[in-house]
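Please examine the sequence and the structure shown here before reading on.

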Amino acid sequence: MKKGNLIVFDIDDTLTKSENQHQKAYIEAMKSFGITKINQDWKSYKNMTDSYILKRNYETNFNKEFSLSFISEFEEKMTELLLTLSKTQEIQGARVIIDFFMKETDYAICFATGSLLKPALIKLEQADINFAPSLVEASNNLFTREEIVNSAINKARDYFQVQEFKNIISVGDGIWDLRTAKNLGVNFLGIRNKNLSDFEAEGIKSHIEDWTRFDFQKIKTELQII
């Protein structure tokens with residue numbers, strides 16, 4: 001089916017139950033490089049991405065400028081640690097919903113994550129989520145969520161050979177996902193209840209508890225998509 005619209009999926013705790021494993025591997029990887037004073041108040045960061053948070057903590061601990069050249073070595077260590085932890089499972093219904101969009105709708109899909117790339121791919125693979133690696137954008141070379149989502153959209157344009165998508169819906173579980181969607185002027189669907197009060201405080205239009213509660217027609221109505 002020809003794709004004229006787009007869904008941009010966050011990964012951690014949107015498609016995969018991986019936030020705990022991710023944070024543990026991420027923090028332990030920082031400690032292994034001598035980054036021991038770590039600000040774990042994640043909502044306090046200007047940009048909620050692995051690369052930006054690593055940059056801030058690196059510069060605080062070592063009092064010198066961070067270089068993106070460090071990302072590759074750090075990513076390898078984080079990936080190694082992630083693979084020692086419990087296997088990532090899907091958020092209930094995630095596998096089915098990905099297949100639904102690809103096979104039964106005119107919505108293309110792509111993935112935009114604040115994670116580093118290799119850990120993100122492992123989480124999708126472990127959860128048995130159907131994906132094309134070329135449709136995944138991560139934070140390896142980008143510090144902001146807006147840059148990551150924009151890059152993912154461009155990857156989808158190229159992959160599906162669409163000049164412009166008529167409607168774009170970004171899906172995520174974090175308040176930073178909602179704010180990114182607002183900043184980019186795209187629709188937003190919130191998932192999971194852990195940040196529901198934050199979502200409601202910022203006027204979220206559409207929200208589901210998990211993918212088993214997904215009603216696409218209802219969501220499109222709430223988002224005023226014809």
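This is a predicted model: local features need pLDDT of at least 70, side-chain atom pairs count only at pLDDT 80 or more; totals for chains, interfaces and linings use all residues.

Residues are numbered from 1 along each chain as its sequence is written, and side-chain values use heavy atoms, with hydrogens and water left out.

The domain assignment, from an automatic or database source, divides the chain into domain 1 (5-16 + 90-223) and domain 2 (19-84). Their C-alpha centres lie 23 Å apart. In contact (heavy atoms within 4.5 Å) are 23 residues of domain 1 and 20 residues of domain 2.

The two domains bury about 1900 Å² between them, and carbon and sulfur atoms give 61% of this area. Buried area is the accessible area (1.4 Å probe) that two parts lose on being put together, summed over both. Of the area that domain 1 buries against domain 2, L116, K118 and F143 supply 34%, more than any other three residues.

Three salt bridges are counted between the domains; the term denotes a side-chain nitrogen of Lys or Arg within 4 Å of a carboxyl oxygen of Asp or Glu. K118 also forms a salt bridge with E76, and the closest N and O atoms of this pair are 2.1 Å apart.

The side of domain 1 that touches domain 2 comprises eight nonpolar, eight polar and seven charged residues. Here Ala, Val, Leu, Ile, Met, Phe, Trp, Tyr, Cys and Pro count as nonpolar, Asp, Glu, Lys and Arg as charged, and the others, Gly among them, as polar.
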